[in-house]
Amino acid sequence: MSVEPFDISTAIVCPLDRANVDTDAIIPKQFLKRIERTGFGPNLFDEWRYLDRGEPGQDCATRPRNPDFVLNDPRYQGASILLTRENFGCGSSREHAPWALLDYGFKVIVAPSFADIFFNNCFKNGILPIVLDETVIDELFSKATRERPLEMRVDLECQRLVLDDGTEIPFEVDPFRKQCLLEGLDDIGLTLRHEAEIRAYERRRREEAPWLFQDLAE
Amino acid sequence: MAPKTLYEKLWDTHVVRTDPDGTALLYIDRHLLHEVTSPQAFEGLRLAGRRPWRPGANLATADHNVPTRERAAGIPDPVSRLQVETLERNCREFAIPEFGMHDRRQGIVHVIGPEQGLTLPGMTLVCGDSHTSTHGALGALAFGIGTSEVEHVLATQCLIQKRARTLRVQVDGTLAPGVTAKDLILAIIGEMGTAGGTGHAIEFAGEAVRRLSVEGRMTLCNMAIEAGARAGFVAVDETTLDYVRGRAYAPKGELWERAAASWRRLHSDPGARFDREVRLRGDAVEPQVTWGTSPEMVVSVRAAVPDPEAEADPVKAAGMRRALEYMDLTPGTPIQQIAIDKVFIGSCTNSRIEDLREAAAVLRGGRVAASVKQALVVPGSGPVKAQAEAEGLDRVFEQAGFEWREPGCSMCLAMNADRLEPGERCASTSNRNFEGRQGAGGRTHLVSPAMAAAAALAGRFVDVRTLGD
């Protein structure tokens, strides 16, 4: 599955001040029954975002919203950067979580740490997860929760965030993943370039450990 | 040759190629699929005009959405039905072997893999489900993946991976009677935190682990992900080989001998270096009960609900306060005073025959408390169910007032009809106590099967070790 090349200019930062936000919270299970990749955005953080019980097939535009939840705060409408706390995306491997975040409009997530599978799933969908020190995160939270929302530019090429007050914050990103994001590369296509090596590995392993090559279809 | 950890052995034998920056192409021996995380992957193949690399290395089953009663009537929920039918259609189109909903071998994907011998020591095994770490109990490198990676494995039989850091969790001494693998893993998570294992692959070792059955080791490895680690595993020993021998898809005859000889090398070499080590005393572990909305929020059944005021870290204290509010609990309340509404025995953590035996042993001759609205047992697979029935366990459960259901994920994540109503409190043998996990507004307390059975009888949490007193 190929993804759109990563491109983000200046964007609003939405502060979600919770640690250990799990994938059940990001997209509750009743919405995992869709067989498409799109359409999950209206149910992002469903149980926190709405006051009624979320079920598939509802018209979310008419549902009662929880005014205390940050996504419903008028300041953060149109935000495409999510600022949050440690261990974001823990729990299940459901890729519906990044699909929901992306469908809502988030392209960057900034946190002190992420759960492994979620972190990986983000890159596969063109979302950039950025890890920053706890102290920097605290500072960003204090700026993002003021009356005027924080805006920043994400410069992936140069690996830095540029805040609306001119502050620059450098960040790390794996070079391979950066290249994939910038060029919107198709992972499968990249792997298939090594087809001959995979075949050679299989030939060698069939000799060493033939029990691994039993055909379950037979 | 330098001594290697088990992780390094498993990794090294599966690397197809490595780039200079350490990004590796890792060969995947076995791929398990289920209905929730696969439809978009098959769609991706279809759109790109690709076919599975090695269809016979895959096995699919429907478990998350399937009803646990009146199954012959099909799936009443049209959205769930479409997802299960989509899996069947995709398996036909792409020649993927499948255990359908009515196959007697159907069950939770992490129960049927080891049970059928689809999971073998020394394998790399993946599935679009975070609890894939379960299969590490057999000395395999097993981890959960997202849907993009499901598509990647289908198309290439490989994954793009970076080597994880190694962590050994060493449990010395033996577990006391009445204390199970579930209590041990909850205690480990309480110690390490839910992000404590992030970036690591955990090897569970030590006397207490070696003494566990393979079923117990599966419970342990199953929740490695709840400690933040994608993979958890246990070295191969005779217990492992005894478990695998004779399974439907396990090698036979001369091939078995060859395989077993190679599997006996699947342990960390003496002197192998781990990036991190955690040590625990097994005999100090007591039956555990979670009180909050994260598996790390756990205490001994003899303790009380903790007080956020005593927590120095403000982010952690805020999380505790939010959890207490959601769980409707007051700091200082003894765990044994918490009354429950429902009991769920099942899930990929605790739905194997040994789990059902432990729960039934507690229930035998007893009766579920009148205040408990519903008590469910959902066996992990068709063969587990048949075995339990052959042993008469179904009658023990039913006579005690439990409902005896068909295999599936059921109330662990409530994608089918089995769920908590808002405000209901459940003693559950599953793996996640997240907000809304077992149904919107539902309150989950994670426990062992024996502790769930004891709670069912008492209508509140009790120390299973004192039950007959």
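This is a predicted model: local features need pLDDT of at least 70, side-chain atom pairs count only at pLDDT 80 or more; totals for chains, interfaces and linings use all residues.
Reader: Where is the place of A:Gly91 in chain A?

Author: A:Gly91 sits in the loop that runs between strand S2 (81-84) and H3 of chain A.

Reader: Why is A:Gly91 called buried?

Author: A:Gly91 has a relative accessible area of 11%. The cut-off for buried is under 20%, so A:Gly91 makes it at 11%.

Reader: And which residues is A:Gly91 in contact with, leaving aside its neighbours within four places in sequence?

Author: One from chain A, A:Thr23, and then B:Ser130, B:Ile225, B:Arg432 and B:Phe434 from the other chain. For a sense of distance, take A:Trp211: A:Gly91 is 120 residues from A:Trp211 in sequence, and their C-alpha atoms are 33 Å apart.

Reader: What makes A:Asn87 count as buried?

Author: Its relative accessible area is 1%, and the limit is under 20%, so A:Asn87 is buried. A:Asn87 also belongs to the loop between S2 and H3 of chain A.

Reader: Which residues of chain B does A:Asn87 touch?

Author: B:Thr194, B:Ala195 and B:Thr198.

Reader: What makes the link between the side chains of A:Asn87 and B:Thr194 a polar contact?

Author: The two side chains are joined at 3.5 Å. A polar contact asks for a pair of N or O atoms within 3.5 Å, one able to donate a hydrogen and the other to accept it, so the A:Asn87 to B:Thr194 pair counts.

Reader: How many residues of chain A are in contact with chain B?

Author: 63 residues of chain A, and they meet 83 residues of chain B. The buried area between the two chains comes to about 6,100 Å², with carbon and sulfur atoms giving 56% of that. A:Lys33, A:Trp211 and A:Leu216 supply 14% of what chain A buries against chain B, more than any other three residues.

Reader: Why is the pairing of B:Glu421 with A:Arg53 called a salt bridge?

Author: The closest N and O atoms of the pair are 3.4 Å apart. The test is a Lys or Arg side-chain nitrogen within 4 Å of an Asp or Glu carboxyl oxygen, so Arg with Glu at 3.4 Å qualifies. Between chain A and chain B the count is 9 salt bridges, along with 33 residue pairs in polar contact, both residues at pLDDT 80 or more.

Reader: Which elements give two or more residues to the side of chain A that touches chain B?

Author: Helices H2 (46-49), H3 (96-104), H4 (116-124), H7 (187-192) and H8 (195-208) of chain A. H8(A) gives the most, with 10 residues. By class, that side of chain A has 21 nonpolar, 13 polar and 29 charged residues.

Reader: What makes B:Ser38 buried?

Author: A relative accessible area of 2%, where the cut-off is under 20%. B:Ser38 is in the loop between strand S3 (30-33) and helix H2 (39-48) of chain B, and its side chain reaches the backbone oxygen of B:His34 at 2.8 Å.

Reader: How do you know that B:Ser410 counts as buried?

Author: Its relative accessibility is 0%, and anything under 20% is buried. B:Ser410 has a positive phi of about 55 degrees although it is not a glycine. You'll find B:Ser410 in the loop between strands S17 (403-404) and S18 (425-428) of chain B.

Reader: Last one: which residues have the most contacts inside the largest nonpolar core?

Author: B:Val169, B:Ile188, B:Phe204 and B:Trp263, in a core of 99 residues. Helix H6 (residues 181-192) of chain B gives the most to this core, with 8 residues. Apart from it lies another core, of 86 residues, including B:Met327 and B:Leu329.

Note on methods. Residues are numbered from 1 along each chain as its sequence is written. Chains are lettered from A and ligands numbered from 1 in the order in which they are written. Side-chain values use heavy atoms; hydrogens and water are left out. Contact means heavy atoms within 4.5 Å. Buried area is the accessible area (1.4 Å probe) that two parts lose on being put together, summed over both. Helices (H or I, at least four residues) and strands (E, at least two) are DSSP runs, numbered from the N terminus. Ala, Val, Leu, Ile, Met, Phe, Trp, Tyr, Cys and Pro count as nonpolar, Asp, Glu, Lys and Arg as charged, and the others, Gly among them, as polar. A nonpolar core is a set of buried Ala, Val, Leu, Ile, Met, Phe, Trp, Tyr and Cys residues joined through side-chain atoms within 4.5 Å. Buried means under 20% relative accessible area, exposed over 50%, partly exposed in between (1.4 Å probe, protein chains only).
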